[in-house]
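This briefing is meant for a reader who is meeting this protein for the first time. Please keep the sequence and the 3D view at hand while reading.

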Amino acid sequence: MSGTPDLSIVMPLFDTGSCVAEAIDSLLRGADRLLEVIVIDDGSTDNGPEIARSFGAPVRVITQEQRGPAAARNVGARLARGDLLGFLDADDVWCAGIPDPRLAILDSDPHVSVVLGRTQFYIPRDDGERTPYLQPFHGAEAGAMIMRRQVMVDSGGYDESFVHAEDMDFVLRLRDMGVSLIEIPDICQHARLRQGSLCRDIDAVNAGRLRAVRAAMVRRSSAEAVEADP
C-alpha cells in the first residue's frame with residue numbers, strides 16, 4: 001500500500017458465485033490504498049453473497065432486491081466512506097498494481113476528478129489462466145475508473161434506467177458537465193467474457209450505447225440553444 005487507505009470500491013453482485021472470490025481477492029491483494037469493498041448483492045439466487053461475507057472486513061455485503069448494476073453502484077457509492085471511489089464487477093479482476101497510476105494523478109492534481117485506465121477483456125481457461133481477447137480497450141468501463149466520491153454526488157450518479165452501457169452514459173454526462181477526466185494507457189481491469197454476462201448480449205449493448213450517444217447529443221444541442229439565445 002502506497003499511502004493512507006482512502007479508496008472505497010463498490011462491487012455489484014448478481015449470481016456470480018463462481019467468480020466473486022477471485023474478484024475480491026484481486027482487490028485485497030492488489031488495490032492500492034484500499035479502505036473497504038462494498039458488495040451490493042443485487043438479488044442473487046446463488047451462493048455469491050455467502051462467499052463475499054466469508055472474507056470479513058474490509059468486505060461488507062449489502063443485500064437489495066434486483067435493480068441492476070447502475071442502481072447497485074449508486075447504493076454502494078452512497079454508503080462509501082472513502083474520499084476516492086472505484087468499481088469492480090464481481091466477475092472481473094483488478095490489476096492496476098501498487099502504486100496505482102490513477103491515484104498518483106489524483107494526488108498530484110486536485111483539479112482532476114476522474115482517471116480512466118484501459119480494460120483487457122479475456123476468456124478464462126480451465127487451468128485458471130486468462131486468454132486475452134482483442135486489444136486493451138480504452139472505453140468507459142466502470143472497473144477501470146477511479147474518481148473523487150464527490151463526483152457521484154454532483155452528477156447524480158448512474159442513470160438507473162440503463163441496463164446496458166450505463167457506464168458509457170455516465171462518462172458522457174461527466175464530460176458534458178465539464179468534469180476533468182484523464183485517460184491513461186495502463187491496463188487497470190481484466191474483464192471476464194463469460195456465458196450469461198450482460199456484455200455478451202451484443203445487440204442490447206449496442207442499443208444501450210446508441211441511447212447514451214443520443215442522450216449526449218440532445219444535451220449538447222440544448223446547451224448550444226441556450227448559449228445562442230440572446
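In which strand is the place of L34? L34 is found in strand β2, where helices (H or I, at least four residues) and strands (E, at least two) are DSSP runs numbered from the N terminus. This is a predicted model, in which local features need pLDDT of at least 70 and side-chain atom pairs count only at pLDDT 80 or more, while totals for chains, interfaces and linings use all residues. Residues are numbered from 1 along each chain as its sequence is written, and side-chain values use heavy atoms, with hydrogens and water left out.

- L34 counts as buried at 11% relative accessibility, buried meaning under 20% relative accessible area, exposed over 50% and partly exposed in between, with a 1.4 Å probe and protein chains only.
- Not counting residues up to four places away in sequence, L34 touches M1, P5, L7, I9, L27 and L28, where contact means heavy atoms within 4.5 Å.
- The C-alpha atoms of L34 and L172 are separated by 27 Å, and the two residues are 138 residues apart along the chain.
- Strand β2 is mostly covered, since 8 of its 9 residues are buried.
- β1 and β2 pair in the parallel sense over 7 bridges, two strands being paired if DSSP finds at least two bridges between them; S8 has E36 as its bridge partner in β2.
- From β1 the chain crosses through α1 to β2 in a right-handed β-α-β crossover, a term which applies if, with the strands pointing away from the viewer, the path from the first strand over the helix to the second runs clockwise.
- β2 also pairs with β3 in the parallel sense, over 6 bridges, and the bridge partner of V39 in β3 is V61.
- The passage from β2 to β3 runs through helix α2 (residues 48-53), and this β-α-β crossover is right-handed.

**Nonpolar cores**

- The largest nonpolar core has 27 residues, of which I9, M11, L27, V39 and W94 touch the most other members; such a core is a set of buried Ala, Val, Leu, Ile, Met, Phe, Trp, Tyr and Cys residues joined through side-chain atoms within 4.5 Å.
- At least two residues of this core come from each of β1 (7-13), α1 (20-30), β2 (34-42), β3 (59-64), α4 (101-108) and β9 (181-192).
- A second, separate core holds 25 residues, including V10, I40, A142 and M147.
- Apart from neighbours within four places in sequence, V39 is in contact with M11, L13, I24, A52, V59, R60, V61 and I62.

**One face of helix α4**

- The buried residues of α4 are R102, L103 and L106.
- Seen down the axis of α4, these residues fall within an arc of 95 degrees, so they line one face of the helix; the arc is that of the directions from the helix axis to the C-beta atoms.
- They pack against β4 (84-87), β5 (92-94), β6 (114-124), β8 (145-148) and β9.

**Buried charged side chains**

- E36, which is found in strand β2, is buried with a relative accessible area of 1%.
- The side chains of E36 and R60 are joined by a polar contact of 3.1 Å, a polar contact being a pair of N or O atoms within 3.5 Å; within protein, one must be able to donate a hydrogen and the other to accept it, and residues adjacent in sequence count only if both atoms are side-chain atoms.
- The side chain of E36 also reaches the backbone nitrogen of R81, at 2.7 Å.
- R73, in helix α3 (residues 69-79), counts as buried at 2% relative accessibility, and its side chain makes a polar contact of 2.7 Å with that of E166.

**Backbone features in loops**

- The peptide bond from A57 to P58 is cis, with omega near 10 degrees, and P58 has its place in the loop between α2 and β3.
- Another cis peptide bond joins I98 and P99, with omega about 0 degrees; P99 lies in the loop between β5 and α4.
- R33, in the loop between α1 and β2, has a positive phi near 60 degrees although it is a residue other than glycine, and R33 counts as buried at 7% relative accessibility.
- A165, which is not a glycine, has a positive phi of about 60 degrees and lies in the loop between α5 (150-155) and α6 (166-177).
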